[in-house]
Amino acid sequence: MTTLNYAEAACQALADAMQADARVIALGEDVGRGGIFSQYKGLQQRFGPARVIDTPISESTIMGVAVGMALAGLRPVVEMRVVDFGLCATDEIINQAAKARYMFGGQGRVPLVARMPIGIWSASAAQHSQSFEAWFAHVPGLIVIAPGTPGDNYALLRAAIAAGDPVVYMEHKELWGETAEVETTARVPIGQARVVRAGSDVTLVTWSRGVKLALEAAAIAAARGQSVEVIDLRTIWPWDRATVISSAARTRRLLVVHEAIQVAGFGAEIAATVAEELGIPVKRLGGKRIPVGYAQVLENEARLSAAAIAEKLASF
């Protein structure tokens with residue numbers, strides 16, 4: 001066990017993958033100097049500029065090159081800085097990376113990892129504070145992962161690099177400094193959720209930074225006598241239907257919480273699936289359908305809070 005923050009855990013995961021497999025490379029803007037969140041710190045000095053490649057500011061070019069590298073047998077880890085900038089590369093990832101295996105009968109695969117940090121980023125306003133996990137979950141051929149802890153950021157990045165198919169890897173912009181014990185020998189399969197807190201009255205499903213808020217809300221609920229089971233989904237697609245349905249079948253209530261805008265968010269998929277399977281009360285709580293403001297008072301309007309989650313839990 002090693003104490004690492006969220007950024008250090010990802011950096012260690014990438015370093016270990018690069019050490020184990022010469023096909024693993026990293027490319028993107030500013031990766032040579034360690035990345036804007038220090039998630040590549042020291043890697044260019046260790047592995048050289050041919051494997052940790054600084055690129056021009058052109059996201060579509062970066063992703064297009066990475067797709068070609070992957071088809072040629074490499075395993076590129078592609079840095080988009082934030083998911084908002086990744087929108088400039090959506091043709092390459094949605095129309096090329098996601099479809100190549102299917103359109104060519106499996107003759108070509110695209111084992112790349114596109115790192116696209118999600119979530120509200122303090123004082124960064126509307127173009128740097130979005131969460132698009134539902135967009136990418138909608139696309140056949142893509143795996144979508146959203147780790148919420150340093151340990152998962154290590155284990156799931158290793159799993160993503162090894163996956164053999166394109167992975168949209170969504171770290172949260174405000175989790176980089178979160179510190180925890182990380183077991184670097186641990187392996188987490190893609191598609192396996194984690195029960196973070198056991199409970200009997202309500203199942204609360206969330207992911208990414210929502211896990212921390214959900215645990216705070218569960219503590220508030222416990223003080224008034226409500227027992228909340230908290231599940232960290234970890235992988236958006238494929239999502240762990242079995243764990244969620246098993247929990248909801250016991251508690252007979254489901255709340256899905258995410259920072260992404262509630263309208264058409266991925267929580268709707270989970271809620272609808274559980275409602276169809278079990279016919280129990282389901283509720284959602286997500287972000288308001290507004291751009292995130294720069295001013296603190298406006299930014300706060302777009303943020304989720306533990307108090308808001310606890311209030312929603314009390315409504316059952």
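User: In this predicted model, what makes the pair Ser 247 and Thr 203 a polar contact?

Analyst: The two side chains come to 2.6 Å of each other. A polar contact needs a pair of N or O atoms within 3.5 Å, one able to donate a hydrogen and the other to accept it, so the pair qualifies as a polar contact.

User: Why is Ser 247 called buried?

Analyst: Buried means under 20% relative accessible area. Ser 247 has 2%, and is therefore buried.

User: Where is Ser 247 found, and which residues is Ser 247 in contact with, leaving aside its neighbours within four places in sequence?

Analyst: Ser 247 belongs to helix H10, residues 241-251. With those neighbours set aside, its contacts are Thr 203, Glu 229 and Ile 231.

User: How do you know that the span of helix H1 agrees with its number of residues?

Analyst: H1 runs over residues 6-20, which is 15 residues. The expected span is 1.5 Å times one less than that number, which gives 21 Å. The end C-alpha atoms lie 21 Å apart, so the two values agree.

User: What lies at the start of H1, and which residues of H1 are buried?

Analyst: A side-chain oxygen of Asn 5 comes to within 3.1 Å of the backbone nitrogen of Ala 7. The buried residues of H1 include Tyr 6, Ala 7, Cys 11, Leu 14 and Met 18.

User: How much space lies in the largest pocket, and what lines the largest pocket by class?

Analyst: The space is about 370 Å³. The lining has 13 nonpolar, 5 polar and 3 charged residues. Strand E13 gives the largest share, 3 residues.

Terms used: Residues numbered from 1 in each chain as written. Predicted model: local features only at pLDDT ≥ 70, side-chain atom pairs only at ≥ 80, totals over all residues. Heavy atoms only, no water. Helix = DSSP H or I, 4+ residues; strand = E, 2+ residues; numbered from the N terminus. Buried < 20%, exposed > 50% of the residue type's maximum accessible area, 1.4 Å probe, protein only. Contact = heavy atoms within 4.5 Å. 1 Å grid on protein atoms, 1.4 Å probe; cavity = no way out; pocket = protein on both sides within 12 Å on 5 of 7 lines; lining within 4 Å. Points joined across faces, edges and corners; volume = space filled by probe spheres on them. Nonpolar A, V, L, I, M, F, W, Y, C, P; charged D, E, K, R; others polar.
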